[in-house]
Amino acid sequence: PLSSLKPLTFPPELLSPVGNANEVNFNSVLLKRYINEVIPLITSPGDDDQYGSSVLTDTLILQSLSKRIHYGKFVAESKFLSDPEGYQKLCEEGDVDGVMSLLTNEKVEEKVLKRSKIKAATYGREPLSDAIPTKSGEKDSSIRDLVAAAAAAAANAAVDIMGDGDVGMKLKPSVVEGLYRDLIIPLTKEVEVEYLFRRCGCRCPDRKKEIWGL
(Lines give C-alpha, C1' and ligand atoms only; values in the text may rest on other atoms or scores of the structure.)
Protein backbone atom coordinates (compact mmCIF):
# COMPACT_ATOMS: atom_id res chain seq x y z
CA PRO A 1 0.00 0.00 0.00
CA LEU A 2 1.05 3.60 -0.56
CA SER A 3 1.08 4.22 3.18
CA SER A 4 3.99 1.82 3.52
CA LEU A 5 6.17 3.81 1.12
CA LYS A 6 8.58 6.20 2.74
CA PRO A 7 8.20 9.81 1.57
CA LEU A 8 10.95 11.17 -0.63
CA THR A 9 13.33 13.45 1.20
CA PHE A 10 15.83 15.84 -0.31
CA PRO A 11 18.71 17.68 1.34
CA PRO A 12 17.35 21.07 2.45
CA GLU A 13 20.10 22.97 0.64
CA LEU A 14 18.88 21.85 -2.80
CA LEU A 15 16.29 24.64 -2.90
CA SER A 16 16.36 27.93 -1.04
CA PRO A 17 13.61 28.89 1.43
CA VAL A 18 14.44 32.57 0.93
CA GLY A 19 11.28 34.37 -0.13
CA ASN A 20 9.52 30.99 -0.29
CA ALA A 21 11.37 30.38 -3.53
CA ASN A 22 11.01 26.65 -3.03
CA GLU A 23 7.22 27.03 -3.16
CA VAL A 24 7.00 28.48 -6.69
CA ASN A 25 4.07 26.82 -8.39
CA PHE A 26 2.81 27.26 -11.95
CA ASN A 27 0.25 24.46 -12.03
CA SER A 28 -2.64 26.86 -12.63
CA VAL A 29 -0.97 28.13 -15.80
CA LEU A 30 -0.12 24.60 -16.89
CA LEU A 31 -3.68 23.36 -16.42
CA LYS A 32 -5.21 26.16 -18.46
CA ARG A 33 -2.77 25.76 -21.31
CA TYR A 34 -3.13 21.98 -21.24
CA ILE A 35 -6.90 22.23 -21.65
CA ASN A 36 -6.87 25.00 -24.24
CA GLU A 37 -3.79 24.10 -26.29
CA VAL A 38 -2.39 20.63 -25.63
CA ILE A 39 -5.57 18.56 -25.73
CA PRO A 40 -6.64 19.85 -29.16
CA LEU A 41 -3.15 18.98 -30.49
CA ILE A 42 -2.98 15.41 -29.22
CA THR A 43 -6.58 14.28 -29.61
CA SER A 44 -9.12 13.87 -32.41
CA PRO A 45 -12.58 15.48 -32.40
CA GLY A 46 -15.40 13.27 -31.17
CA ASP A 47 -16.44 11.19 -28.19
CA ASP A 48 -15.18 7.65 -27.60
CA ASP A 49 -16.99 7.31 -24.24
CA GLN A 50 -13.69 6.43 -22.52
CA TYR A 51 -14.09 9.00 -19.77
CA GLY A 52 -12.34 7.05 -17.03
CA SER A 53 -9.31 6.28 -19.16
CA SER A 54 -9.20 9.88 -20.37
CA VAL A 55 -9.15 11.23 -16.83
CA LEU A 56 -6.38 8.87 -15.79
CA THR A 57 -4.33 9.73 -18.87
CA ASP A 58 -4.85 13.47 -18.41
CA THR A 59 -3.76 13.16 -14.78
CA LEU A 60 -0.60 11.25 -15.69
CA ILE A 61 0.31 13.74 -18.42
CA LEU A 62 -0.31 16.75 -16.17
CA GLN A 63 1.77 15.22 -13.39
CA SER A 64 4.62 14.53 -15.80
CA LEU A 65 4.46 18.03 -17.28
CA SER A 66 4.30 19.62 -13.83
CA LYS A 67 7.29 17.61 -12.66
CA ARG A 68 9.21 18.59 -15.78
CA ILE A 69 8.59 22.33 -15.60
CA HIS A 70 9.13 22.57 -11.84
CA TYR A 71 12.55 20.99 -12.22
CA GLY A 72 13.26 24.55 -13.30
CA LYS A 73 13.58 25.45 -9.62
CA PHE A 74 16.58 23.16 -9.25
CA VAL A 75 18.07 24.52 -12.47
CA ALA A 76 17.51 28.08 -11.27
CA GLU A 77 19.25 27.39 -7.96
CA SER A 78 22.25 26.01 -9.81
CA LYS A 79 22.36 29.04 -12.09
CA PHE A 80 22.07 31.42 -9.14
CA LEU A 81 25.00 29.77 -7.38
CA SER A 82 27.09 30.15 -10.54
CA ASP A 83 26.49 33.93 -10.70
CA PRO A 84 24.81 35.24 -7.52
CA GLU A 85 25.94 38.84 -8.04
CA GLY A 86 24.62 38.98 -11.59
CA TYR A 87 21.18 37.65 -10.71
CA GLN A 88 20.97 39.73 -7.54
CA LYS A 89 21.64 42.94 -9.45
CA LEU A 90 19.07 42.17 -12.18
CA CYS A 91 16.39 41.13 -9.70
CA GLU A 92 16.89 44.21 -7.54
CA GLU A 93 16.45 46.31 -10.68
CA GLY A 94 13.28 44.42 -11.56
CA ASP A 95 14.78 43.47 -14.90
CA VAL A 96 12.77 40.38 -15.86
CA ASP A 97 14.05 40.39 -19.42
CA GLY A 98 17.62 40.61 -18.17
CA VAL A 99 17.12 37.63 -15.86
CA MET A 100 15.51 35.68 -18.69
CA SER A 101 18.41 36.50 -21.00
CA LEU A 102 21.02 35.52 -18.41
CA LEU A 103 19.47 32.13 -17.68
CA THR A 104 18.75 31.24 -21.32
CA ASN A 105 21.05 28.82 -23.09
CA GLU A 106 19.90 28.63 -26.69
CA LYS A 107 22.26 25.80 -27.64
CA VAL A 108 20.85 23.58 -24.91
CA GLU A 109 17.30 24.45 -25.95
CA GLU A 110 18.06 23.52 -29.56
CA LYS A 111 19.40 20.15 -28.43
CA VAL A 112 16.28 19.52 -26.35
CA LEU A 113 14.04 20.30 -29.32
CA LYS A 114 15.97 18.00 -31.64
CA ARG A 115 16.01 15.22 -29.06
CA SER A 116 12.26 15.50 -28.45
CA LYS A 117 11.52 15.23 -32.17
CA ILE A 118 13.85 12.25 -32.62
CA LYS A 119 12.33 10.42 -29.65
CA ALA A 120 8.80 11.08 -30.88
CA ALA A 121 9.68 9.74 -34.33
CA THR A 122 11.45 6.70 -32.87
CA TYR A 123 9.09 5.64 -30.11
CA GLY A 124 5.81 6.94 -31.49
CA ARG A 125 5.42 4.04 -33.93
CA GLU A 126 4.79 0.33 -33.87
CA PRO A 127 7.94 -1.81 -33.84
CA LEU A 128 8.96 -3.26 -37.19
CA SER A 129 7.97 -6.77 -36.18
CA ASP A 130 8.07 -8.02 -39.79
CA ALA A 131 11.84 -7.63 -39.73
CA ILE A 132 12.22 -9.87 -36.68
CA PRO A 133 12.57 -13.61 -37.39
CA THR A 134 9.57 -15.73 -36.42
CA LYS A 135 11.51 -18.98 -36.18
CA SER A 136 14.48 -19.68 -33.99
CA GLY A 137 17.69 -20.03 -35.95
CA GLU A 138 21.31 -19.48 -35.38
CA LYS A 139 22.12 -17.01 -32.65
CA ASP A 140 24.28 -14.79 -34.84
CA SER A 141 21.61 -14.67 -37.52
CA SER A 142 18.93 -13.65 -35.01
CA ILE A 143 21.11 -10.90 -33.64
CA ARG A 144 21.78 -9.61 -37.15
CA ASP A 145 18.05 -9.59 -37.88
CA LEU A 146 17.31 -7.67 -34.69
CA VAL A 147 20.02 -5.15 -35.46
CA ALA A 148 18.64 -4.77 -38.98
CA ALA A 149 15.15 -4.19 -37.60
CA ALA A 150 16.46 -1.55 -35.20
CA ALA A 151 18.38 0.13 -38.01
CA ALA A 152 15.27 0.14 -40.20
CA ALA A 153 13.26 1.72 -37.39
CA ALA A 154 15.92 4.40 -36.93
CA ALA A 155 15.97 5.04 -40.68
CA ASN A 156 12.19 5.43 -40.77
CA ALA A 157 12.38 7.80 -37.84
CA ALA A 158 14.98 9.89 -39.67
CA VAL A 159 12.75 10.04 -42.76
CA ASP A 160 9.83 11.16 -40.63
CA ILE A 161 11.93 13.87 -39.02
CA MET A 162 13.15 15.20 -42.36
CA GLY A 163 9.76 15.13 -44.01
CA ASP A 164 7.51 15.46 -40.95
CA GLY A 165 5.77 12.26 -41.99
CA ASP A 166 3.09 10.67 -39.85
CA VAL A 167 2.55 7.28 -41.48
CA GLY A 168 1.76 4.75 -38.78
CA MET A 169 2.20 7.35 -36.04
CA LYS A 170 -0.32 8.53 -33.49
CA LEU A 171 1.33 11.92 -33.10
CA LYS A 172 3.54 13.89 -35.47
CA PRO A 173 7.08 14.47 -34.20
CA SER A 174 6.65 18.14 -35.06
CA VAL A 175 3.75 18.35 -32.59
CA VAL A 176 5.92 17.02 -29.77
CA GLU A 177 8.70 19.41 -30.76
CA GLY A 178 6.19 22.26 -30.77
CA LEU A 179 4.97 21.38 -27.28
CA TYR A 180 8.52 21.63 -26.01
CA ARG A 181 9.19 24.85 -27.92
CA ASP A 182 5.93 26.66 -27.10
CA LEU A 183 4.96 25.26 -23.69
CA ILE A 184 7.46 23.16 -21.76
CA ILE A 185 10.62 25.21 -22.26
CA PRO A 186 8.98 28.67 -21.88
CA LEU A 187 7.04 27.61 -18.79
CA THR A 188 10.13 26.04 -17.23
CA LYS A 189 11.96 29.33 -17.76
CA GLU A 190 9.12 31.29 -16.17
CA VAL A 191 9.45 29.02 -13.13
CA GLU A 192 13.17 29.80 -13.09
CA VAL A 193 12.56 33.55 -13.29
CA GLU A 194 10.04 33.48 -10.44
CA TYR A 195 12.36 31.35 -8.33
CA LEU A 196 15.36 33.62 -8.94
CA PHE A 197 13.47 36.78 -7.98
CA ARG A 198 12.31 35.20 -4.75
CA ARG A 199 15.76 33.71 -4.16
CA CYS A 200 17.19 37.21 -4.34
CA GLY A 201 14.62 38.53 -1.88
CA CYS A 202 12.77 40.50 -4.56
CA ARG A 203 9.20 40.56 -5.76
CA CYS A 204 8.82 39.20 -9.27
CA PRO A 205 6.45 41.16 -11.54
CA ASP A 206 3.32 39.10 -12.15
CA ARG A 207 3.64 37.88 -15.74
CA LYS A 208 0.91 35.23 -15.62
CA LYS A 209 -1.68 37.59 -17.08
CA GLU A 210 0.68 39.34 -19.46
CA ILE A 211 2.36 36.21 -20.85
CA TRP A 212 -0.10 33.42 -20.21
CA GLY A 213 -3.49 35.12 -20.12
CA LEU A 214 -4.27 34.39 -16.44
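How many helices and how many strands does the chain have? The chain has 9 helices and 0 strands; helices (H or I, at least four residues) and strands (E, at least two) are DSSP runs, numbered from the N terminus. This is a predicted model, in which local features need pLDDT of at least 70, side-chain atom pairs count only at pLDDT 80 or more, and totals for chains, interfaces and linings use all residues. Residues are numbered from 1 along each chain as its sequence is written, and side-chain values use heavy atoms, with hydrogens and water left out.

**Whole chain**
- Of the 214 residues, 31% count as buried (buried is under 20% relative accessible area, exposed over 50%, partly exposed in between; 1.4 Å probe, protein chains only).
- Residues 24 or more positions apart account for 80% of the contacts with a separation of 6 or more, where contact means heavy atoms within 4.5 Å.

**Helix 5**
- In helix 5 (residues 96-103), the buried residues are Val-96, Gly-98, Val-99, Met-100 and Leu-103.
- The cover over these buried residues includes helix 3 (72-82), helix 4 (84-92) and helix 8 (173-199).

**Arg-68**
- Arg-68 lies in helix 2 (residues 51-70) and is partly exposed, at 29% relative accessibility.
- Beyond its neighbours within four places in sequence, Arg-68 contacts Val-112, Tyr-180, Ile-184 and Thr-188.
- Thr-188 is 120 residues from Arg-68 in sequence, yet their C-alpha atoms are 7.6 Å apart.

**Leu-14**
- Leu-14 sits in the segment before helix 1 (27-42).
- With a relative accessible area of 35%, Leu-14 is partly exposed.
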